Amino acid sequence: MASKQIKTNDKHVKNLANIVGGSRSILYHKEDLLAYDSDGFTLHRHLPKAVVFPKDTQEVAKLVKYCSDNQLPFLARGAGTGLSGGAIPMNGEVIISMVRMKRLLSVNLENRRAVVEPGFVNLKLTNSISDKGYYYAPDPSSQYCCTIGGNVAENAGGAHCLKYGVTTNHILGLEVVLPNGEIIEIGENGIPDAPGYDLLGLITGSEGTLGIVTKITVRILKNPEAKQTVLAYFDNVTDGSQAVSDIISAGIVPAALEMMDKTAIEGVEAAAFPVGHPKDIEAVLLIEVDGISAGIAEQINQILEVCNNRNVREVKVAQDELERGRWWANRKTGFGAMGAISADYLVQDGVIPRSKLPQVLNRINQISEEAGLRIANIFHAGDGNLHPLVLFDARIPGESEKALAAGSACLQACADVGGTITGEHGVGIEKREEMRFVFTDEEINAQTDIREVFNPNNLLNAGKLFPMPGRCVEIKKELKEKEAAIS
Amino acid sequence: MITAELLSDLKSILSEEQMIEGESENHLLGNSGQVTIYPKSEEEIANVLKYANNHRKKITVSAGETKRGFGGIIDSADILLSLANYKGIVEHTPGDMTLTVKAGTPFKELQDYLAEHKQKVSLDPAWPEYATIGGIIASNESGPKRLGYGAGRDVVIGLRMVYPDGTIIRSGGKVVKNVAGYDMNKLFIGSMGTLGVVTEVTMKLRPLAKYESLVLLSFPEGNVEEIRSFAIHLLDSVMEPTALELLSPALSQKLIGENLHTLAIGFEDVESSVHYQEEYVKKIQPANSKMKILQQKEAQAFWDKIYSIGPNGAAPAAGSEIEASLKIGVTNLDVLHVINISQQLKDTHNVVVEAHGGIGHGLCQVNLKGASEDIESAIDQLRNSVNQLGGYVIVKHLPLSLRKKINIWGENPSYFFLLEGIKSKIDPNSVLNHKRYVGGI
């Protein structure tokens, strides 16, 4: 194919194209840019200035340096599956897409680690090592297409993080391009506890505002010897919630402990992976235990006993991998399944102390009634991570706003019981204001202070994560200082 | 020299019985204060910090003193702020398996309390009777069971801190999963008290193991390759050891009376699973190795001993011999090299060496005893070797006089400017634990 010419008078676009080797690694026409005006959070859209596709760390560093030197806002993007708008170019950013940097660089089974480029797809890692009996633990529902770079940015979780932790617990090393174009390596050789503040932990989950990750060393785990999965149907949500608490109190650490309510069940049963959940039950629990085979039966028996004590209508153990796979497909496609019963839906992501589950579910019901919108609940019940799905129809004027308000009210309900506003989806654009539900101005300021150390000009992914205007705090601080000076 | 002004200023913040003047100057380990204070409330802590920040005073933070010999090149700061009286459980919701506790609470005290609820904090630091949770988190202490349970960064879900300007900052929260804002917990864990005074720690808990055992596998002297291939075999199996700790012959001699390289393989689960895993180890046991299996209390007793073999800053050894303790990080299997190289220091440097390291996580502890100059050159030698493996050496315990000579954190990382930037943002006047951390932060 003959290389296309760059057809623009924009010198920045031309220069950026030069860095990545020409026109085939850059998009700048409006019609091409449209696909990049949002990510998995679609209620907010903005066109980027351009999308560039670097092939290696050096190109990323050059792009970043160019943007920094020329005061062009920029951000990094992986697969664009983020649910909070972290990759939306709200300031007309240059998007640095990491999708060409998608190699698995090395696997070291003896030392249980792998090194990947940020564009490497999450599930591919497990697929690449499963024949040897290993896997990568963090498993967000979008794992078949989301990238590990994006997972690091968002500190992604997943259904199995109850026992195995979220992304941050599995990251051993990072190569990062700082917002001035400098390349640093932290967690060298993947060795834990390197001397110095834990930048690995700080950068993981910083939603692409502190630097651009270009290489990732992750911990890999050995597949558990045995795994069993239980499905339990409850006629009321309180019994289901109590069963969750009882399982945990019994000293069992399940690999996963998921719950769906009636509306969610209606959705998943109408979608692509129905498994025949009864239509009239109020809650279904999906419980998985894994570990040493000799210990599994005892735990399963305990779980069955707990469910029976909590008036379970029906409880069953998956008979084979096929059945288990069907149950999980039904659950993991739960968000998208809402499309089968609603024109649009908004996913929320609150976390609460487990014991407050019945109380918060009641409150969410109230919010649903007040808003006149149905809310389905899918959640990682074991760690109290709720995903209320607000069902609405964007074609009806005013309904999107109502849905947003209802979603925000759900987060307030979580914050009110000592919980938080996001467990795994990130703050992004979506929950900036809700940060105030959980943090004081001083606490938000403490965080933007850290951002300033890494990203002093705030050209990298500006406007995300913190309430707008972030200046509010700074103005207050200034006022305080002035007052102090006067007094 | 203690100024009357400092004292009278502090008296306006705290009552007199909460402070002691000029105690323990010229302490072997340094990290003293002209005045030692024992605040009882967060407000008092905040007021002291605010005062120090405004008056350019230096504060050293302490509680159980087990880490008094860890970092720092100053004999005495202006104020030694002890959290020893700032202790107790703040909130424990057994059903949520979360616990909030004041920073000065000794680790064992909180584990004993949790054991009544069949729960635990899944950390296993040294000197649990003395070490406080605040100190453990601030210094990022972990033990052999890190393989199974992770470290402070995997356990802490929320912190309450007093910043040097007296502001109260909470990071994280009370829930086990949380990505709201930056993960500031991580920044403070292991920061050696250089960014703020931790007042409360919130952690996720684990159920107490229903059963535990310990397989001790001793190998004929010198046969590192055999240990290596056994470890690889075990790690590649579906067994789930919570610890896979290699003991140097000297340490093995001290703990179990076998002067051989010994692997301590811990299992914790329901009883049937634990025994099943023991059986597996028996099946793959190398021909000429010796095996001993300890159950339940005996296994726990073994670990308890491990937690008290290193130097304790609260009770440093008297006499002419110098004690040192090193934390060494390498790639997992390189632990074998580190234990071996350490062992050789006995002959080449005339020091007593007791070393152990986790083959599943790559962290070693090497304890040395000997004459000052021998310790100094032994550390040097070890650091050279470890650097060649791509790892690092942190000196966790050393008398002040030697800390002034030896860079206890090793070379600054290439991104040191970020660490400096963070410190100067949060503590621009270097009030807290001045020069105690990497690169003199």
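1. Helix axes are taken here as lines fitted to C-alpha atoms over the stretch in contact, with angles running from 0 to 180 degrees between N-to-C directions, while helices (H or I, at least four residues) and strands (E, at least two) are DSSP runs numbered from the N terminus. The model is predicted, so that local features need pLDDT of at least 70 and side-chain atom pairs count only at pLDDT 80 or more, whereas totals for chains, interfaces and linings use all residues. Residues are numbered from 1 along each chain as its sequence is written, and chains are lettered from A and ligands numbered from 1 in the order in which they are written.

2. On the helix pair in chain A: the axes of helix 8 (237-249) and helix 13 (residues 357-371) of chain A come within 9 Å and cross at roughly 145°. The crossing of helix 8 of chain A past helix 13 of chain A is right-handed, a term that applies if the near helix is turned clockwise from the far one by less than a right angle, anticlockwise being left-handed. Residues in contact (C-beta atoms, placed from the backbone, within 7 Å) are V237(A), T238(A), S241(A) and V244(A) on the side of helix 8 of chain A, and L357(A), P358(A) and L361(A) on that of helix 13 of chain A. The residues of this contact comprise 5 nonpolar, 2 polar and no charged, where Ala, Val, Leu, Ile, Met, Phe, Trp, Tyr, Cys and Pro count as nonpolar, Asp, Glu, Lys and Arg as charged, and the others, Gly among them, as polar.

3. On the sheet in chain A: 5 strands form an open sheet in the order 5-6-10-8-9, with antiparallel pairing, two strands being paired if DSSP finds at least two bridges between them. Strand 5 (104-108) and strand 9 (183-186) of chain A each have a single partner strand, so one side of each is left without a neighbour in the sheet. Neighbouring strands of this sheet are turned by 10° against each other on average, direction ignored. Strand 8 (residues 171-177) of chain A is joined to strand 9 of chain A by 4 bridges, and V176(A) has I184(A) in strand 9 as its bridge partner.

4. Strand 3 of chain B runs parallel to strand 4 (residues 76-82) of chain B, with 4 bridges joining them; T60(B) has L80(B) in strand 4 as its bridge partner.

5. On the interface: 74 residues of chain A are in contact with 66 residues of chain B. The elements giving two or more residues to the side of chain A that touches chain B include strand 9 and helix 8 of chain A, and helix 16 of chain A gives the most, with 9 residues. The residues of this side divide into 29 nonpolar, 29 polar and 16 charged.

Methods: Contact = placed C-beta atoms within 7 Å.
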